Amino acid sequence: MTSEVSPKDRFVTVYGRKPVLEALADYDLRVDKVIIAEGLGGPVINEIKEAAADRAVRVHRASAHRVKVLAGNGRHDQGVLADVVARKMRPLATALEDPATAPRTVLLLDGLTTPANVGMILRTATAAGIDGIVVPHRGVASLDPLVIKASAGVAFHAPVLRSTTAGEAAELLTEAGYPLYALDAGAPDSLYETDFGSRAVFVLGSETAGLSEDVSTRIAQSLAIPMRGGVESLNVASAAAVVCFELLRRNL
């Protein structure tokens, strides 16, 4: 099974000279390999190569185009990237295979393209002990240096579950018996008064576009976060924090 898992479901790819150096300097992280664009040199590149050698990390050369493709960012890769092992990251399908060990509390990100929001959600959910955060490969901000910075490094250690799209994840989760809950300021039911049972998925959608159609059709119930002071809604990362710590409070 492990050999069949895509590298995208095992590694967080860090690009840019400073982020790669920082990853190599953090001995709590396991760096699988470093890739440097052919013909690239200079003091910083030498420093990266030396730091990799000190940790016995493989250094490969590739074309500048290949580095851009692997980094997924044509403007900020600076010709260097590193694959960092994310120990708790795995495909959602794998996580659901055994009901006895499957995650109980799950966040599903749908259409969140702002790296700061994704990073803050990863940090908050991990701190609150959420069992899994579904970060689809498509339609959601990539786990890149901006997300890592916003998570204060927690992205490397968060219980990330991967799927191709949010719709695919919603289908897998509903077929596995999970009810999907959405947050809606106008919903009649309160987050604080709803019984979620032993397993639940909370979908966090785009603040501008809302939930995708493939996901919205699978929502079992919409819930509201009670608010005062004339405030109509919360930033998605703030709303996620309310949900995460309400779940933690119930499990204490």
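Visitor: In which strand is the place of Thr 105?

Guide: In this predicted model, Thr 105 has its place in strand E6, which covers residues 105-110.

Visitor: Is Thr 105 buried or exposed?

Guide: A residue is called buried when its relative accessible area is under 20%. Thr 105 has a relative accessible area of 8%, and is therefore buried.

Visitor: What is the strand order of the open sheet of seven strands?

Guide: The order is E5-E8-E7-E6-E10-E9-E11, and the pairing in this open sheet is parallel. Strand E5 (90-91) and strand E11 (219-223) are at its edges, and because each has a single partner strand, one side of each is left without a neighbour in the sheet.

Visitor: How many bridges pair strand E7 with strand E8?

Guide: Strand E7 (residues 132-134) pairs with strand E8 (residues 160-162) over two bridges, in the parallel sense.

Visitor: Across which strands does helix H5 lie, and which strands does helix H7 touch?

Guide: Helix H5 (residues 115-127) lies across E6, E7, E8 and strand E10 (200-205), and runs at about 180° to E6. Helix H7 (residues 166-175), which also packs on the sheet, touches E6, E7, strand E9 (180-183) and E10, with a direction that makes about 155° with that of E6.

Visitor: What order do the strands have in the open sheet of four strands?

Guide: Here the order reads E1-E4-E2-E3, and the pairing is mixed. The edges are taken by strand E1 (11-15) and strand E3 (58-62), and since each has a single partner strand, one side of each is left without a neighbour in the sheet. On average, neighbouring strands of this sheet are turned by 20° against each other, with direction ignored.

Visitor: How many bridges join E1 to strand E4, and what is the bridge partner of Phe 11 in E4?

Guide: Five bridges join E1 to strand E4 (residues 80-85), and the two run antiparallel; the partner of Phe 11 in E4 is Val 85.

Visitor: Which strands does helix H1 lie across, and which does helix H3 touch?

Guide: Helix H1 (residues 17-25) lies across E1, strand E2 (31-37) and E4, running at about 35° to E4. Helix H3 (residues 64-71) packs on the sheet and touches E1, E2, E3 and E4, while its direction makes about 140° with that of E2.

Notes. Residues numbered from 1 in each chain as written. Predicted model: local features only at pLDDT ≥ 70, side-chain atom pairs only at ≥ 80, totals over all residues. Heavy atoms only, no water. Pairing = 2+ DSSP bridges. Axes fitted to C-alpha atoms, helices over the stretch in contact; angles between N-to-C directions. Contact = heavy atoms within 4.5 Å. Buried < 20%, exposed > 50% of the residue type's maximum accessible area, 1.4 Å probe, protein only.
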